[in-house]
Amino acid sequence: MRVALVTESFLPDVNGVANSVVRTAEHLLRRGHDPLVIAPQPPPAVRDVPVTVPYPVVRIPSLPMPGYPQIRLGLPTPTLTAALRSHGTQVVHLASPFVLGAWGMAAARTLKLPTVAVYQTDVAAYARAYKVGMTEGAAWRWIRTVHNLASRTLVPSTESAAALTTHGVERVHLWRRGVDDVLFHPDRRSSGLRRALAPNGEVVVGFVGRLAVEKQIDLLADVSRLPGVRLVIVGDGPASPQLRKALPAALFLGVRRGAQLARLYASFDVFAHTGPYETFGQAVQEAMASGLPVVAPNAGGPVDLVHHGRTGCLVPPFQSQGFTDAVRALAADPAKRAAFGTAARHAIEGRSWYAVGEELLGHYDAARTLGLFHRRTPVAA
């Protein structure tokens, strides 16, 4: 198949959408297919960062989103339709469609191509958190409009499926994310790295992700003050300056990738994930692959990933007390940490990127079989 991946974010961005697109394109190549990536032009500060991938990438002119300039909005341009036509695209994969994805949908309809829309970002929550000039209700109306034009919509969790169905999105199917269970592995634990992170033998509690308002990392302020606990923050983002002030006892390491990131995960003792708006929670899955017990909110994607009382703890979202109590209990109980970590590693077995890539190929085939017969412009409620 010739598959065009129209994405709202791509390398050198570091986020779940960009990573998922890279993994999908890699799987397509591995299986003998022909991927094309169409993505917004990155911001000027990183425009010269080399992106070397073994498939074509078409960049679309973009502007920063008002209120959240780290997100680039692709502009309407004939380049998109021309790229699909030149590529000979047979299926259009819309990764977290919102702006560029909407133009991709229009281009696909013009060319009578089947589309698979992947819901991956809680846009309505972003609208609420960042006041980006769109109300939460308007965001849901736009999501419904775009996704109901797709041959099928893929969601990463049961909570996402329920939310979309409640808001009138049709043809919703579950497609979870994969994890590199070779890279992220308990055997990468490093005693030397642990001594550097916790020179006094503290229990190391790690967070990995974008430092942004919606992640609510400030809920870990009391965790950072627990005796015998060392909070380590891995990542960067617009909220970094505020978080460094709110969490003065935490160790901020910035962005880490690849084997270096894997060693950090495996060298933590507990993984804390605070964001209540995750449609999946890739960092949670990577932590589990690394053999860590996870403390996460009882909301969004982590509900499917974390088995409370077996692989970690699910706590009330938006409240710091639950995170603090759960971390305190795990810090005091090495045997429970070990048992939860072992169970977490077992829980991710069978979730390789190859396995979920094969599932995705099945969705592409189904979209091609469906064709365009069902597609209509939905009436906004």
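**Close-up 1. Glu26 and its salt-bridge partner.** Glu26 is a partly exposed residue, with 32% relative accessible area. This is a predicted model, so take every view here as a prediction. The side chain of Glu26 meets that of Arg23 in a salt bridge, with 3.9 Å from N to O. Why are these two about one helical turn apart? Both sit in helix α1 (residues 16–30), and they are 3 residues apart there. Arg23 is partly exposed too, at 23% relative accessibility.

**Close-up 2. A network that takes in Asp180.** Widen the view around Glu26 and Arg23, and Asp180 joins in: these residues are linked in a network of salt bridges.

**Close-up 3. Arg31 meets Glu358.** Here the side chains of Arg31 and Glu358 come together in a salt bridge, at 2.7 Å from N to O. Arg31 belongs to the loop between α1 and β2 (34–40), while Glu358 belongs to helix α15 (residues 353–370), so this pair ties together parts that lie 327 residues apart in sequence.

**Close-up 4. Arg225 with Asp222.** This view shows another salt bridge, formed by Arg225 and Asp222, whose closest N and O atoms are 2.6 Å apart.

**Close-up 5. An open sheet of 6 strands.** Now for the strands: 6 of them line up as β12-β11-β10-β13-β14-β15 in an open sheet, and the pairing is parallel. Which strands stand at the edges? They are β12 (251–254) and β15 (312–315); each has a single partner strand, so one side of each is left without a neighbour in the sheet. From one strand to the next, the twist averages 20°.

**Close-up 6. β10 alongside β11.** Zooming in on part of that sheet, we find strand β10 (residues 203–208) paired with strand β11 (residues 229–234). The pairing runs in the parallel sense over 6 bridges. To find your way around, look for Phe207, which stands opposite Ile233 in β11.

Technical notes. Residues numbered from 1 in each chain as written. Predicted model: local features only at pLDDT ≥ 70, side-chain atom pairs only at ≥ 80, totals over all residues. Heavy atoms only, no water. Salt bridge = Lys/Arg side-chain N within 4 Å of Asp/Glu carboxyl O. Helix = DSSP H or I, 4+ residues; strand = E, 2+ residues; numbered from the N terminus. Buried < 20%, exposed > 50% of the residue type's maximum accessible area, 1.4 Å probe, protein only. Pairing = 2+ DSSP bridges. Axes fitted to C-alpha atoms, helices over the stretch in contact; angles between N-to-C directions.
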